[in-house]
Amino acid sequence: MADKITIRNAQVVPQNSNFSGIPKNEFDKKGDRYIFIRLDPDLAEELAHDGWNVKWTKQKADHPEWEPYPFIKAKINYNLRQKPSVYMVTRNGKTLLTEETVDQLDGCYFEKVDVGLENIYYSRYDQYSIVHNIGFFTI
């Protein structure tokens, strides 16, 4: 099983991502930060085979031309021993964002995103969770 992966030119879905940790819906808890990454179907199949929690969007009845796609939800967790490294990249260079400043990425559309992810097993809950380790978000 591949426990760590790097996705270059990741397709982050900004409207479904949450860098601030402010609940966006009834399923979010305060402080939950995460990114939704749209996957190539071949990569999605490979990750699902390796035990990653790959999901598919649902067909929208009011948009029959819309095609469902596979995605993963990766947590951005500053409570872990190894803090995530989230960089905002602009024409002026790159800036390491902190737990207090990462919310600057909410609402941004990204020109390019490279992310490192890890699939961590939590024995306490008997489940895996995808955690964001490092990311370069070019705006």
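**Salt bridges and local contacts**

Pro23 touches Asp28, Lys29 and Lys30, not counting residues up to four places away in sequence (contact means heavy atoms within 4.5 Å). The model is predicted: local features need pLDDT of at least 70, side-chain atom pairs count only at pLDDT 80 or more, and totals for chains, interfaces and linings use all residues. Residues are numbered from 1 along each chain as its sequence is written, and side-chain values use heavy atoms, with hydrogens and water left out.

Pro23 sits in the loop between strands E2 (11–12) and E3 (34–38) (strands, E, are DSSP runs of at least two residues, numbered from the N terminus). Its relative accessible area is 39%, so Pro23 is partly exposed (buried is under 20%, exposed over 50%, partly exposed in between; 1.4 Å probe, protein chains only). The C-alpha atoms of Pro23 and Arg33 are 9.0 Å apart, at a sequence separation of 10 residues.

The count of salt bridges is 2 (a side-chain nitrogen of Lys or Arg within 4 Å of a carboxyl oxygen of Asp or Glu). Glu99 pairs with Arg33 at 3.7 Å, N to O. Glu99 lies in the loop between E7 (93–97) and E8, and Arg33 in the loop between E2 and E3, so the pair ties together parts 66 residues apart in sequence. Arg33 is buried, at 12%. Glu99 is partly exposed, at 34%.

Asp114 forms a salt bridge with Lys112 at 3.6 Å, N to O. Asp114 belongs to strand E8 (residues 112–122). Asp114 is buried, at 12%, whereas Lys112 is partly exposed, at 39%. Beyond four places in sequence, Asp114 contacts Ile7, Arg8, Asn9, Ile134, Gly135 and Phe136.

Definitions and conventions:
Helices (H or I, at least four residues) and strands (E, at least two) are DSSP runs, numbered from the N terminus.
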